[in-house]
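Here is a friendly walk through one protein chain, from its overall make-up down to a single residue. Please have the viewer at hand as you read.

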Amino acid sequence: MKKIYNFLTSMWLMLFLTFVFAFASGLATFIENDYGTTTAWAEVYGTKWFEWIQILLAINLLGNILKFKMYKKDKLPAFIFHVGFLFILLGAGVTRYIGYEGLMHIREGNTKNSITTLNSYIQITANKDNKLYEKDKKILISKISNNYFKINMDIAGKKATLEYKDFIPNVEKKLIEDKTSPAKIKMMIATPNNPPKVIVLDQKNFNFEDGIKFFIKNNKIYIESNRDFTTTKMADASTTTHKAHEAIEFKTKRMYNFTDIKLTPIKVLSHAKEVLSSKKVIGGKNVQSSFKSAIKATLTYDGKSKDITLFGYGDSRHGELTKVEIDGTKFVIEWGAKELPLPFAVKLDKFELKRYPGSMSPASYASYVTVLDKDKKFDFKIYMNHVLDYKGYRLFQSSYDMDEKGTVLSVNHDPGKLPTYIGYLLLGIGFILNFLNPKSRFRKLASRVQKETVLSSFLLAFLVLSPNLKADSLDDAKLYNKAHAELFGDLLLQKQDGRIVTIDSFSKEILLKLSKKSSMYNLDSNQIILGMITAPKIWQDIPIIRVKHDKIKKLLGLPKSAKYAAYKDFFDFRQKGESPYKLLKDVDAANQKRPIKRNQFDRDIIKVDERLNIAYMIYTGDLLRIIPKENDPNYKWYSVKDAISSFPPEESNRVRTLFLYYFSQIDKAKKSGNWESADKAVKLIKRYQQKLGSAVIPPKSQLEAEKIFSKLRLFDKLAFVYFIGGLILLITIFYKMVKSSANIKIAKFIGESIIIFAFLAHTVGMGVRWYIGGHAPWSNAYEAMLYIAWSMGLAGIVFRKYSLLAPALTAIIAGSTLFTTFLAGMDPQITNLVPVLNSYWLDIHVSVLTASYGFLALSMILGFFTLIMFMLKDKNPDIKRSIVEASRINEMTAILGLALLTIGNFLGGVWANESWGRYWGWDPKETWAWVSILVYVILTHIRFVPWFNKNYHYKFATLSLVSYSAIIMTFVGVNYYLSGMHSYAAGDPMPIPKYLYLIVAIVIGVIIAAYPKRNLEK
């Protein structure tokens, strides 16, 4: 028993299981990419051996908690976060075995009290002597799996068995001539209220419906009806009318039109049999999943057998019902989704879809429902990130019907949520306390490192190429006087949330939204927005709309090198009968998908469509609500167009006159170069605003503060300042490693001073933002990131007296967080035009993950430099000491990076669960994030294996260098080479860059070159 216990709790078993877990998870993503999600689940995620890996890891973890006595006071933080992992595994188990989820499709006015499962089942219903017997089994069927199943069922003491024989993916029914078989017809049926469908009629059911029948005469098939009908030849569209009871030959290449039904024959054979074959489908797994597949099985009952075929999709859709009778017992068998009852009903009162003005693109959608539960009844509005919780069920807005008369709700019942969330909480608390615990591995390493040692990160530089322009358009755009544009920027505007801001602040937000820039073509945001309003036709020729995805560029007819598109690039008016909007079909397709199913292309095209609509509303003036209405009870401000069309006649004429005068003065100024009259016109508008809108206009000092704050873009600059402080200290530490006698006091003072300066500026910036907004600056995702960065800066300043490590590490985190907000464009909300998945949790998740990538990148770089130092250690005896110190810093960096990576990944789980009710879906991106966690768990725990401790520093440097490949795969590889909700190329792999082979060669070369000098004792 002791041997078994020692085996189950051994560290080498933990590392082995962790490696297998990581390898299997990563392999599953490639299986999914090539064969589909069902196959990945059948081969890996849904298997018993995959479950046993997790169970054994839980047993091993529990054993090691006891073995290492982590419950003692000095190890309490480690105990907390290790127990957190146990809770997470417990929650995962509860979710897997007890929880379930499904879809609820409701049409307006209808009521539903059941859901359709996402998983597929084999469902058998038997009717014997008017008594029903039922049996079902959850099943995963795929192309490359064994797929075998055998379902036994007791029917009044007699045994019925359904046994698997074969699987035919993407099945196609074909009719082939066979002289021994009866006549068959394959045709398409179309009715007014249903989509067209293809059916096959056998000779035995030639009596069709609605008085239509078929019969054979002279070895040909004829059709006859009890009412008049017409036939239309497809070759020339000629039409012939036929009288009731007139029999005519049923031929292909014709359409038979009845009152409420249309028949189009595909194949008409007097002797034929039906065979099944696998259709070759081009277009990736998402396209393939739209085709039915078939399972061949044998049903045996009371000693008699019949071969049957089950048709289905293998997912949340219902399959065809297969009916068979054996000895008077009727069987109905289905392969497909299962209906699960709910303890309450939901009625869809109204589905609401809001679109962008001047566009068919959805801006948001919501379901107004009534919950009916016995004597209880209440109304609720379900929309994105606003879920209905009732009786342990969560209902999420998922999708909608094309005719906008129905909704699709995602329904989740998950008892595992509580232990999982407890695990997340313990995980976060444990990691934080572990870094403060003086007895932790992290702090022990820190105490061994020289006080001058510090970590840092590197700031990435990006080269943005300017697009080519039409000279006349840009020349006209540059006629707008900068001083006048600044005066125009002083005008006030009411945002969607009712807050009054200057056009100057608003224009910067708009331009950032459109182009991710604060200025373009030597024009500031005020000049650009003024130009877009007063000369929209000219600005529609100028590229200002950022386009990142190559596939979108191709759809717009842009070269791959283009960074921006002009408004006119999105439209092609030459195609008659079709929408001129080039992205319409792809935008509609992306919006139709459930959010969890959207890949990177879908999300990018939705964002580009959003930018296009923002540009449209600038051109039309709809976004500029700059006109206050006299005596308006809600103090609402209006756009010029709305004011002229909806205000009382006298007030409307006043607005019309004011702006006609202003626009005319701009035209004159552009020609003459004299902007005095245009300046006076702006001042008239400003007086009009002050007179009618004074009740809601903020103090002048607040508006001025916002204008200056917006212009400075302080937090973007602070990211650079934080990084500079860290970079100076990083260079210092490497210099100290090479020359131990070096005096680094000046460099240390400069690095610390820069970090302290950045923190003080950060504090002032947060205070100014508080003053401008009138509330504490952590009310949205962007402000939360600023606050997190500020709190990290504060922690570094507080703990710097104990070790230089604290301000260095926190400066890196602060800089990484601020830089992430810049890259993600996480500015405060400027309009309601945001992607439906704009989520606070999502941005926190991305920010923490990005920060972890920075720390793990530093670990990789330290590993590389350590190997270089091994190669040079014989030239300078001091380098040996530097290798030891670098290894300690490396391990600390890996520990910190792993903590951030783990917390960030599980924060993503919280976001996903709050958005659509599933915190883990084994999507390739999240799976590789998990693989990365497992890889770094191995790296930070491998020291517990005695063999590894020989030549420890060389081995750790090598592993830290190689381990980063998991991060590269997570951050880049998944985006291009795997399809999923996070994928960039939608499953179309890009060629591997040639420079990558060079990098791999260099890494291998350095590892091999350092190997002979790996022993520090020599």
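## The chain as a whole

Two residues are in contact when heavy atoms of theirs lie within 4.5 Å. With that in mind, take the contacts in the protein chain between residues at least 6 apart in sequence: 65% of them join residues at least 24 apart. Do keep in mind that this is a predicted model.

The protein chain has 29 helices and 33 strands. It counts 1018 residues, and 52% of these are buried. Its accessible surface is about 48500 Å², with 59% belonging to carbon and sulfur atoms.

Let us turn to a pair of helices. Helix α10 spans residues 482–489 and helix α12 spans residues 525–534; their axes are 8 Å apart, and the helices pack at an angle of about 80°. Angles of 65 to 115 degrees count as roughly perpendicular, and α10 and α12 are therefore roughly perpendicular to each other.

Which residues of α10 and α12 meet? From α10 come Lys482, His484, Ala485, Glu486, Phe488 and Gly489, while α12 brings Asn526, Gln527, Leu530 and Ile533. By type, the residues of this contact divide into four nonpolar, four polar and two charged.

Next comes a sheet. Strands of a sheet pair through backbone hydrogen bonds, in either a parallel or an antiparallel way. Here six strands form an open sheet with antiparallel pairing, and their order is β8-β7-β15-β14-β11-β12. The edges are taken by β8 (194–202) and β12 (239–242); each has a single partner strand, so one side of each is left without a neighbour in the sheet. From one strand to the next, the twist averages 25°.

Within this sheet, have a look at β14 and β15. Strand β14 covers residues 254–257 and strand β15 covers residues 262–269, and the two pair in the antiparallel sense over two bridges. Asn257 is found opposite Lys262 in β15.

## A closer look at Thr329

Finally, a single residue. Thr329 lies in strand β20, which runs over residues 329–355. Is Thr329 buried or exposed? A residue counts as buried under 20% relative accessible area; Thr329 has a relative accessible area of 0%, so Thr329 is buried.

Which residues does Thr329 touch? Leaving aside residues up to four places away in sequence, Thr329 touches Ala126, Asn127, Lys128, Tyr301 and Val324.

Conventions. Residues numbered from 1 in each chain as written. Predicted model: local features only at pLDDT ≥ 70, side-chain atom pairs only at ≥ 80, totals over all residues. Heavy atoms only, no water. Helix = DSSP H or I, 4+ residues; strand = E, 2+ residues; numbered from the N terminus. Buried < 20%, exposed > 50% of the residue type's maximum accessible area, 1.4 Å probe, protein only. Areas by Shrake-Rupley, 256 points an atom, 1.4 Å probe, with all protein chains shown as cover. Axes fitted to C-alpha atoms, helices over the stretch in contact; angles between N-to-C directions. Parallel < 35°, antiparallel > 145°, perpendicular 65-115°, else oblique. Nonpolar A, V, L, I, M, F, W, Y, C, P; charged D, E, K, R; others polar. Pairing = 2+ DSSP bridges.
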